[in-house]
Amino acid sequence: MLQNDGTAPIAASFAGALLRPNEPVPQDITSHHGAGLIERYNVYRNNVTVSLINAVASIYPAVQRITGEDFFRAMARFYIRAHPPRSPLLFAYGREFPDFIEAYEYASSMPWLADVARIERAWLDAYHAADAAHLAPDMLSEIAPEGLGALRFRPHPATRILRSAYPAVTIFSMNHNGGEVSAVEDRPEDALVTRRDDEVMVTHLDSGAADFLQALIAGETLGTAAALGLEANPNLDLSRLIAVALDAGAFSSLDMETSHD
Amino acid sequence: MSNSMGMQNNLADRADAVRFPHYAVAGQAGTSFKPEHLPAILAASDRCGFFEVHAENYMGAGGPPHRALERIRQDYPVSIHGVCMSLGGPQPLDPDHLQRFKALVDRYEPAMISEHLAWSTHDDIFYNDLLPLPYNEATLTHVCDHVDQMQSVIGRRIFLENPSTYVAFTDTTMAEVDFIREIARRTGCGLLLDVNNVFVSAANHGFSALDYLKDFPLESVEQIHLAGHAEQEDGAGEKLLIDSHDRPVADAVWQLYEIVLSRRGPVPTLIEWDSELPDWPVLRAEARAAQAILDRHSDTGGLRDAAE
């Protein structure tokens, strides 16, 4: 926003070169001895660049472990220049990083890396998501069997489903918290991300389970969701899956208003 | 790959749900609060005076950060230190950020609230650094308007912190101390005197830290920051100090702190440490050193000397 009192151009010229290392330093800066302006301005450039790369690294530790620090920081440096933060809330930064990885030429030998990043982004979103109660697993036993099909669930604010055409869940799990790394079977994988007792959990889902849970999260009835899950995988063990999801804290309540429909 | 998003900011809904005890901070030394230190803080047999948090780290809707801050706030007074309001910039403050800040203040009832004489957002890009501004009538008007607006929205008095800077501006027409004094006079805000910033800026701009402190409006100082700094050179071979917050407070900064307290009396003092974090006992020892100096000045008359 430009104003006519001379202050906005100073901020604009000062800001403009912060993420552009090849641009000249702003015209209107000075020092007491009139020299050293490049090195002095570069303190700000360095603060901005390093702190933003550190922010990306703190959001995507598993990606950094996979690529190694040098590769990661070089990739993140390109990223922060292409996608600087638009909000002061840095824990919400880096949403375009998975897409950026997908298009990053040097990462093309790791087609699953972007999905690992998507799981990490979801992990941090779950970490900061709003607080809410968890639906107790034994609640369902109080519902008459003929009423189960019409039940709807309210997801806990932390709950997310991620689907990958690659074994991204296994790769994430091996590289999260510095776990053991071993050979991975090439297959599609889905994950349920939840937060229970302030611990974020990433649960590897059976085939078809994501179709079922996504439908429930979207507000479909248990009956509709079950049909979608069984269509995707006729062998889906629905009762076990519901128990796993409730145990992981995926839902906060039953939606009583619409369950009578 | 799809991702079902559902993050909502419900801080405001919870603002009335939690009420914390009132604790006095007068004459106390505190430290930055880092969640890594929480178990050690809770297990320690002695108390720290207060803890300071960066506001933005607690602006998520929920989850573990709030559990940690609730736990600390139950036992201690807390200082909320904003690092992203961009009070020193020419553009309007972000109304969403003001509301988030207000929600945080309402929720945690902090003993002290502070922000910086700096800017960090231009257009809609957030640079994540405390960037400098020229000191002149036009920038003074902007900063005062912004301080007024922030105090009015959050319903509390804020303390404005003097910056550490690495460049000066050709458009500057006022001394930093005069600029800061005028902000305090016009807005009624308090001041957060960062003694390390004075030392760093004095070295970087070739002025005397003692002269700066002699001119500083100490009567408005409500909180003090102490921190460590790093040393490098600019291209002209001149010493350039970096406000790094990654090591113990320098001896020279402790000496300046003694001088400030001898004139201002025992003002709540924070040891700031933000990167290369030490174990809790190391940070605790720094706060204890500040507390010893505060206690030695507990009967200093404060403004009597400052008003000389």
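Residues count from 1 along each chain as its sequence is written, and chains are lettered from A in the order in which they are written. Because the model is predicted, local features need pLDDT of at least 70 and side-chain atom pairs pLDDT 80 or more, while totals for chains, interfaces and linings use all residues.

Begin by selecting Val116(A), Ile119(A) and Val195(B), which touch the most other members of the largest nonpolar core, a set of 155 residues. Such a core consists of buried Ala, Val, Leu, Ile, Met, Phe, Trp, Tyr and Cys residues joined through C-beta atoms within 7 Å, buried meaning that 20 or more other C-beta atoms lie within 10 Å of a residue's own, with C-beta atoms placed from the backbone. Next, show helix α6 of chain A, residues 113–128, which gives the most to this core, with 9 residues; helices here are DSSP runs (H or I) of at least four residues and strands (E) of at least two, numbered from the N terminus.

Finally, select β1(A) and strand β8 of chain B, residues 168–169, which pair in the antiparallel sense over 2 bridges, pairing requiring at least two DSSP bridges. Within β8(B), Ala168(B) is the bridge partner of Thr30(A).

Key
Buried ≥ 20, exposed ≤ 12 C-beta atoms within 10 Å, placed from the backbone.
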